[in-house]
Amino acid sequence: MTPLHEVIINKKTNVKPIWIMRQAGRYLPEFREIRKENPNFVELCLNHKLSSQITLQPINRFDLDAAIIFSDILMLPYGLNQKVEFKKNFGPVLGDLNISLMSKIDEIDFVKKIYPVYKAIKIVSSKMNLENKNTIGFVGAPWTLLVYMINQQSPKKNVKKNFFKDEYLINRVLLLIEKFLKIHIKNQIENGANVIQIFDSWAGLLEERDYPNYIYTPTLNLVDYVRSLNVPVICFPREIKNYKEFCEIVKPDAVNIDYNVDPFMISKNLKIPVQGGLDPKILLTDQENLKKEVLKYLDIFKDHPYVFNLGHGILPETNPEMVKFLINIVRDH
Ligand code: 1CP
């Protein structure tokens, strides 16, 4: 069994696997080299040769326990024919959403449009299996995808004023998202993903009274679905106000925490395996400080099933040498 599966399935506490959110990305010079020649980000995600190569870059460079496939949560709206562009120094920009056209899309159209993502997973997973390491497939949670599809750009601090105005539209889009997320998850698993992570990056934007409708119910449906395919699922409801309540209701196999929660309280209150937490900004400081912070997490979670990771994606300005240093501390511990 892989170290990651030992922790999230068997709840082992004597192994501390490590992988890093956004590990395949802009802090790596070998990624920037490829990116420079490929200005269209969506096209790059759809180039299975390059996307599998990028996915494996951090695996070749560092001793990580899992590869996360180089793709994006916004490949789902793209597969549903909503225009998706990534503008330099601005972020994603989505086209208008036509719900009646979108409702006509079937599974075959969707899979055909993003097929190279699955092809890349197949290439990556055959290599990872040989090394007893995991291949992580991922999706955006329904709420986070709804945010991008309706808001049409990153919400930064909040969604547009009239976001919830058309209740029927919101509910129809949510149903469509759920349907195609299941298809997307199934295809990732069929091609070799053996862990699924659900990113709810904008969970923190909602009021607690809205959690049942927009977070708990739709995520619970997905978690049940992944489990029915016999693959463990990690949820990351970033900046949710109550991780304990989330875990008790949604019951993922493991939960990734953000860097604003107190890891000590998490280790006391959560009964399930935990992943992540370290503030990615710590990687921008010095080795002494990094070591202190890493040991803090390892110490707090020494008797808890724990996967080392960050509390959000690694920052583009991170020095890869600091990543190497971090991994060595976790390995030597
Ligand atoms: O080179 C570039 O300019 C593109 C930067 C980039 C990369 C490397 C984007 C644009 N997406 C990705 C890949 C990606 N995205 C991965 C796979 C690589 C890896 O993890 O190693 C994953 C898992 C994601 C997931 C993702 N995309 C999330 C959830 C995680 C999170 O960061 O909260 C979100 C919110 C997105 C949307 C997105 N895609 C890209 C950007 C800059 C954003 C965020 C924009 C925003 O602030 O709203």
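Predicted model: local features only at pLDDT ≥ 70, side-chain atom pairs only at ≥ 80, totals over all residues.

Q: Got it. Which residues around the ligand come nearest?
A: There are 22 residues around the ligand, and R35, D72, Y148, S154 and S201 come nearest.

Q: And how does that shell divide into nonpolar, polar and charged?
A: It has 13 nonpolar residues, 5 polar ones and 4 charged ones.

Q: What lies 2.6 Å from an oxygen atom of the ligand?
A: That's a polar atom in the side chain of S154. For S201, a side-chain N or O atom is 2.5 Å from a ligand oxygen. R22 uses its backbone instead: one of its backbone N or O atoms lies 3.0 Å from an oxygen atom of the ligand.

Q: How much of the ligand's accessible area does the protein cover?
A: On its own the ligand has 890 Å² of accessible area, and the protein covers 88% of that.

Q: Which pocket is that space?
A: The ligand takes up the space of the largest pocket.

Q: Switching topic: what should helix α9 span?
A: Helix α9 covers residues 167-190, which is 24 residues, so at 1.5 Å a residue it should span 34 Å. Its end C-alpha atoms are 35 Å apart, which agrees.

Q: What follows α9?
A: G192 does, and its phi is positive, near 120 degrees.

Conventions
Residues numbered from 1 in each chain as written. Heavy atoms only, no water. Helix = DSSP H or I, 4+ residues; strand = E, 2+ residues; numbered from the N terminus. Expected span 1.5 Å × (residues − 1). Near = heavy atom within 4 Å. Polar contact = N/O pair within 3.5 Å; in protein donor to acceptor, adjacent residues only side chain to side chain. Areas by Shrake-Rupley, 256 points an atom, 1.4 Å probe, with all protein chains shown as cover. 1 Å grid on protein atoms, 1.4 Å probe; cavity = no way out; pocket = protein on both sides within 12 Å on 5 of 7 lines; lining within 4 Å. Sits in = over half its atoms within 2 Å of the grid points. Nonpolar A, V, L, I, M, F, W, Y, C, P; charged D, E, K, R; others polar.
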